[in-house]
Every structure is written in structure tokens, then in C-alpha cells.
Amino acid sequence: MRKPTKFKSGCYTWKIYWSEEEADEMYGKTDTSTKTVTIYKCKNDEITRETLLHELLHVVMEDKAEAVFNFDPDKKEYDKEENLIRLISPVLMQLISENPELIRFLSKGSAK
């Protein structure tokens with residue numbers, strides 16, 4: 001299956017960069033200023049897919065974490081957004097992977 005290289009979120013077109021650099025401490029990163037998601041090379045496809053979902057959740061949370069958690073992003077506080085996404089992404093990935101009919105229904109919007 002071809003890896004996606006871009007996606008739309010809000011009024012922006014984001015790029016997905018599939019790095020040849022091996023994953024070290026992190027498997028991916030999201031840069032909101034350049035609207036780029038980088039996924040580092042990993043030999044485990046499940047980790048790669050879950051990492052992409054994890055980074056997409058960062059895109060979803062862009063500019064929302066401040067309102068939800070009521071914190072100042074300029075203060076180097078404990079990253080509540082990262083913690084929330086780490087908790088949600090594996091379970092959401094399982095839900096998506098194990099329920100293709102549900103996902104097709106949600107993406108197409110029709111019940112047959």
C-alpha cells in the first residue's frame with residue numbers, strides 16, 4: 001500500500017515526510033509552523049501506522065490544547081497534550097484496525 005504524502009486539516013494542506021532516518025527516541029514529530037508530519041523509519045509496520053495516527057492527533061489538537069488544558073505553551077510545563085495522545089492513540093489505532101466496517105461507515109456516511 002502506498003504511503004500518503006499529504007492530507008487536509010482545516011484550511012491547510014499538510015505534508016507527510018517519510019524519513020529514511022531510523023527511529024531513535026521518537027518515531028515521529030509534528031511541526032505546526034511548516035505543517036509537516038515526519039515519520040521516522042521503523043521495521044515494525046504496526047508501530048509506523050500507530051505513530052502516524054499519533055502525529056495526526058497532534059494536528060487535531062493544534063491550538064486546542066491551550067484551551068482544553070488551560071496552560072501557557074511558552075512555559076515548559078508537563079506536556080499534557082502529549083500524555084493524552086499517548087493514552088488515546090494505541091486504543092484508537094486498535095479500534096480503527098479491527099473495525100473496518102465501522103471506519104468505512106464513518107468515512108462514507110452511509111448505512112446499507
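**Entry 1: the whole chain**

I began with burial: 28% of the 112 residues in the protein chain count as buried. I note here that this is a predicted model. Next I checked the surface, and the chain exposes about 8700 Å², with 53% of that supplied by carbon and sulfur atoms.

I counted the elements and got four helices and four strands. Following the sequence, I read the pattern as β-β-β-β-α-α-α-α. I also looked at contacts with a separation of 6 or more, and 32% of them come from residues 24 or more positions apart.

**Entry 2: the sheet**

In what order do the four strands sit in the sheet? I traced β1-β2-β4-β3, an open sheet with mixed pairing. The edges are β1 (6-9) and β3 (28-31), each of which pairs on one side only. From one strand to the next, I find that the twist averages 25°.

I then zoomed in on β1 and β2 (residues 12-22). These two run antiparallel and are joined by four bridges. I looked up phenylalanine 7 and found its bridge partner in β2 to be tryptophan 14.

Helix α1 (residues 45-61) lies across β1, β2, β3 and β4 (36-41), and the helix runs at about 160° to β4.

**Entry 3: salt bridges**

I had a general point in mind: side chains of opposite charge can pair when their charged atoms come close. How many salt bridges does a search of the whole structure find? I got three, and I went through them one by one.

*Glutamate 20 and lysine 41.* Their side chains meet at 3.4 Å, N to O. I place glutamate 20 in strand β2 and lysine 41 in strand β4, 21 residues apart, and the pair links distant parts of the chain. Glutamate 20 counts as exposed because its relative accessibility is 61%, and the cut-off is over 50%. Lysine 41 has a relative accessible area of 38%, so I log lysine 41 as partly exposed.

*Lysine 35 and glutamate 62.* I read 2.9 Å, N to O, for this salt bridge. Lysine 35 lies in the loop between β3 and β4, while glutamate 62 lies in the loop between α1 and α2 (65-69), so the pair ties together parts 27 residues apart in sequence. Are these two buried or exposed? Lysine 35 counts as buried because its relative accessibility is 13%, with the limit for buried being under 20%. Glutamate 62, at 17% relative accessibility, also counts as buried.

*Glutamate 82 and arginine 86.* The closest N and O atoms here are 2.9 Å apart. Both residues lie in helix α3, four residues apart, which is about one turn of the helix. I checked burial on each side: glutamate 82 is buried, with a relative accessible area of 19%, whereas arginine 86 is exposed, with 56%.

**Entry 4: glutamate 22**

I stayed in strand β2 for glutamate 22. Its relative accessible area is 45%, so I log glutamate 22 as partly exposed. Which residues does glutamate 22 contact, leaving aside neighbours within four places in sequence? I found Tyr40 and Lys41.

**Entry 5: the nonpolar patch**

I looked for nonpolar surface and noted a patch of about 420 Å², made by Leu95, Ile96, Leu102, Phe105 and Leu106. The elements giving two or more residues to this patch are α3 and α4 (100-108). Which of them gives the most? I have that down as α4, with three residues.

Leucine 95 is in helix α3 and is partly exposed, with a relative accessible area of 40%. Isoleucine 96 also sits in α3, which I have as residues 80-98. Isoleucine 96 counts as partly exposed because its relative accessibility is 31%. Not counting residues up to four places away in sequence, I find isoleucine 96 touching Leu53 and Ile103.

Key. Residues are numbered from 1 along each chain as its sequence is written. This is a predicted model: local features need pLDDT of at least 70, side-chain atom pairs count only at pLDDT 80 or more; totals for chains, interfaces and linings use all residues. Side-chain values use heavy atoms; hydrogens and water are left out. Two strands pair if DSSP finds at least two bridges between them. Axes are lines fitted to C-alpha atoms, for helices over the stretch in contact, and angles run from 0 to 180 degrees between N-to-C directions. Contact means heavy atoms within 4.5 Å. Buried means under 20% relative accessible area, exposed over 50%, partly exposed in between (1.4 Å probe, protein chains only). Patches are made of residues with over 30% relative accessible area and no salt bridge: like charges are joined within 9 Å, nonpolar side chains (Val, Leu, Ile, Met, Phe, Trp, Tyr) within 5 Å. Accessible areas come from the Shrake-Rupley method with a 1.4 Å probe; for residues, only the protein chains shown count as cover. A salt bridge is a side-chain nitrogen of Lys or Arg within 4 Å of a carboxyl oxygen of Asp or Glu.
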